[in-house]
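These are my notebook entries on a structure that I went through site by site. I begin with the terms and then move to what I looked up.

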Amino acid sequence: MRDAEPRAIYLRDYQVPDFLIDKTHLHFALHPQTTRVTSELKIRRNPEAEQSDRELVLHGQEIDLQSVSINGKQLNASEYRVDSESLTVFNVPESFTFSTVGFISPEQNTSLEGLYKSKTMYCTQCEAEGFRKITYYLDRPDVLSEFTTTVVANKAEYPVLLSNGNPVKFGDLDDDTHFVTWHDPFRKPAYLFALVAGDLAVLEDSFTTMSGREVTLKIFVEDKDIDKCDHAMTSLKNSMRWDEEVYGREYDLDIFMIVAVDDFNMGAMENKGLNIFNTSCVLAKPETTTDFGFQRVESVVAHEYFHNWSGNRVTCRDWFQLSLKEGFTVFRDSEFSADMGSRTVKRVEEVKLLRTMQFAEDAGPMAHPVQPASFIEISNFYTLTVYEKGAEVVRMLHTLLGPEQFRKGSDIYFARHDGGAATINDFVAAMEEASGRDLKNFMSWYSQAGTPVLKVSDQFDSVAQTYTLTFHQSCPSTPEASESEKSPYVIPMAMGLVTSAGPIALQFDAAGGHFDASRPTHAVLELTKSEESITFSGVSERPVPSLLRNFSSPVRLQFNYDRDQLVTLITKDDDGFNRWDASQQLAVAVIHDAQSQLSVGAGIDIDARLLTAFGALLQDRYIDAAMVAHMLSLPSEVFLAEIAEVAAVDDIHKARSLVKKTIAKSLIAELSDRFASLPSAVHYSATAEQIAVRSLKNICLEYLVATGESEWLQAAFSQFTEANNMTDQMAALTCLVHSDAAAAEPMAAAALAAFYQRWQAEALVVNQWFSVQATAPQPNTLAKVRTLMEHEAFTLKNPNKVRGLIGAFANNNPVNFHQADGQGYGLLSEVVIALNTSNPQMAARMLAPLTRWKKYDANRQGLMRAELQKIGKVESLSKDVFEVISKSLDF
Ligand code: TRP
Ligand code: ZN
């Protein structure tokens, strides 16, 4: 594959650094091809180092090194050695000032890590190991330093010069340049360093902290986007208040800045005092941004802000601890969003993501524990497992300890590790201390990969009036451990028992769990063994168990519900989340019926219980409209594929579409009544109430259009034309573009053309225009995607465009990506090979759908593996892609 295969590094090999860097002074003379970076580091030997006589080895890549000096004296070539990844200095004193001068080329940096140019702006991305592309350094998170940074650039082109902390000095220089010096009083690892230079507009505001300090807030964007910053600013202030109220965490600098850039590999980055965001996670206004987009901005702004404590003030010792900051911070932003909007709706949305995407990751070749034991390229571990499952693990701690003890544990953790670099064990130890509990057995959640399977069976004794639930847990084999090697998990099982009269009060031996006296129909059991039972007494009729309420643990739950039982849960459970979950299970059963009926060439007939339940939901004016919308939404094709033994993409697509069309025809009266009853031309605001209404209205429209009747195609077209917000416009456009009715075709074409015409200047809107076409189910979609790759608005250089077109096609259009001739796979591997050279992180991420080859039939498996092999033979394969390819082929 390559000359020397990249090697894995292991958590068990961790050693403290041999040297420490107390102070870091950086000087940047910005230039597109030859930016000069001068560094001056106050270095000393670490008194805790394993050996006291080691050479100084600094990380560094792609730097044109000009000079190296110690205490002001330039070293000659025999005193140090440089290779493609490091600089080794042979003899260094106990403590010294170390300087280097090097040149880097931001303009040629297409990897979007290190210092690069995005449009006319300079910006940085240093997490995880990008700082080493800027200057030679100890680029590891347990080396914390106090940074002072001077940036010099042409004043007219780059009036705004930013770095972390506070501006301490600025002025004009002789030529056309000017400079600003920034000082960050908080010690930090290099991955939190940031620099920005550009001609940027700014939205300014302020926030008064709990102790009465005034903090200046600034959001920097391109001038044309300055009218799209209000939502981010409001979200920022809400986040700052929330973190004070819920976690007692106050902001620490006098200024907090956000900068929006167009070319960015991920959502955003929490650099100290200077967060850098993908434009897609900052900019929002009703005309151009969907409700989903507004919510994404709110949650990402919160996420990055919360990192100021969970990540920056207390950082990670090494990258195996990544979930220490990411899992905890996702949990924090998730609770924040739940508090800002509707808690149950937020939970449904995150569980959908987890079950569809994280479960798939956990079942594939890249499966890894929340705390991985090894990696080849850390960029490949910014995953749904580290983030979303990591957040579920923190959520389980919160459930087990309760809010008070959890908060006490978080206080202990922040106080004990403030200014330092911590481990996941340190976090759990703080929770143990706060609660007095032994959490040793809980650690399986961090150390074992794979999604546990929880099989539940029940037994009702009508004479004794007892009801017994038996739980059996196991975890399938994953690359690092076989099923038999795995220890049981501590599983918090939130549950209730529901009869035809509703939920009943629970009587059981409370040793097996706990009880909240204010809700006698609800308990949280703590399962710890591979098999265990619990018996409830005083049960006079066979109840339906409402299990894993609120998705209290990230497991695959298996209980053989019959459909009447699901209907009981849908109609009688007092747990909103489980009402939704039951409706999904019933819909899955109905789609499976349709698959069997279609396979024997029969017409489909839909279980009347689903129609009754959906009909009742459409008429229910009391349940939150957003929940009704979620309950009416059929499980996605991607989810149906994930839960199948072998993902029969064509059958799934046919069955699901036909079920949708049949529901629409059967419930046309209810759907059109509810559709008509919901207001459309309100003054837009992104409140939970309005978002709920739009989501219900648009799911009704989706069903109505699925009838294929021209009246409803017309209705969609009118909505497309008349909508005063992107949510309604995009929903209508999607209905038309995804419709299989012949009459929809010219309307879809007209709408797509009009849409592009109107929004071509708005890059984020154009990305959605790519996505809606890339996810169309029609058989000519692959050809359309190829055509769109040649479109003036498309470029492989911009990750948002790659995700919008190629990512949407490969991840959210199973029937076309997996077309039987393998052309979808071929398209993806072309893109991956192109990106391997320009942007390895993106290349490896885009590969994910091909790594899932085991899910498909033998023919597709062969075609998918052939593409993986083809990519594996590419010369100069990046570490990123190498790791994914080699693990996928070995699976
Ligand atoms: N720490 C960032 C976050 O989750 C993640 C991130 C942003 C990132 N940009 C990156 C990770 C580039 C790897 C590479 O908030
Ligand atoms: Zn994060």
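I take a polar contact to be a pair of N or O atoms within 3.5 Å; within protein, one atom must be able to donate a hydrogen and the other to accept it, and residues adjacent in sequence count only if both atoms are side-chain atoms. I am working from a predicted model, in which local features need pLDDT of at least 70 and side-chain atom pairs count only at pLDDT 80 or more, while totals for chains, interfaces and linings use all residues. Residues are numbered from 1 along each chain as its sequence is written, chains are lettered from A and ligands numbered from 1 in the order in which they are written, and side-chain values use heavy atoms, with hydrogens and water left out.

**Entry: Asn-109.** I looked up Asn-109 and found it in the loop between β9 (95–104) and β10 (114–118), where helices (H or I, at least four residues) and strands (E, at least two) are DSSP runs numbered from the N terminus. Its side chain reaches the backbone oxygen of Glu-113 at 2.7 Å, and it also makes a polar contact with the side chain of Ser-111 at 2.7 Å. Asn-109 counts as buried because its relative accessible area is 13%; buried means under 20%, exposed over 50% and partly exposed in between, with a 1.4 Å probe and protein chains only.

Entry: For reference, ideal angles at a metal are 90 or 180 degrees for six octahedral donors. Both histidines are buried, His-303 at 7% relative accessibility and His-307 at 0%.

**Entry: ligand 1.** Of the 15 residues around ligand 1, I listed Glu-127, Ala-268, Glu-270, Glu-304 and Tyr-387 as those that come nearest, a residue being near a molecule or strand if one of its heavy atoms lies within 4 Å of it. A polar side-chain atom of Tyr-387 lies 2.5 Å from an oxygen atom of ligand 1.

**Entry: backbone geometry.** The peptide bond from Glu-127 to Ala-128 is cis, with omega near -5 degrees, and Ala-128 sits in the loop between β11 (121–125) and β12 (145–154). I also noted Gln-465, which has phi near 55 degrees, a positive value in a residue other than glycine; it lies in the loop between β25 (453–461) and β26 (466–474) and is partly exposed at 32%. Leu-548 likewise has a positive phi of about 55 degrees although it is not a glycine, but Leu-548 is buried, with a relative accessible area of 2%.

**Entry: cysteines.** How many disulfides does the structure hold? I found zero, a disulfide being a pair of cysteine sulfur atoms within 2.5 Å. The sulfur of Cys-123 is 10 Å from the closest cysteine sulfur, in Cys-126, and is therefore too far for a bond. Cys-229 is in no disulfide either, the nearest cysteine sulfur, that of Cys-281, being 14 Å away.

**Entry: helix α23.** The 16 residues of helix α23 (residues 823–838) should span 22 Å at 1.5 Å a residue, and the end C-alpha atoms are 23 Å apart, which agrees; the expected span is 1.5 Å times one less than the number of residues. Ile-833, in this helix, is partly exposed at 27% relative accessibility, whereas the buried residues of α23 include Val-831, Val-832 and Leu-835.
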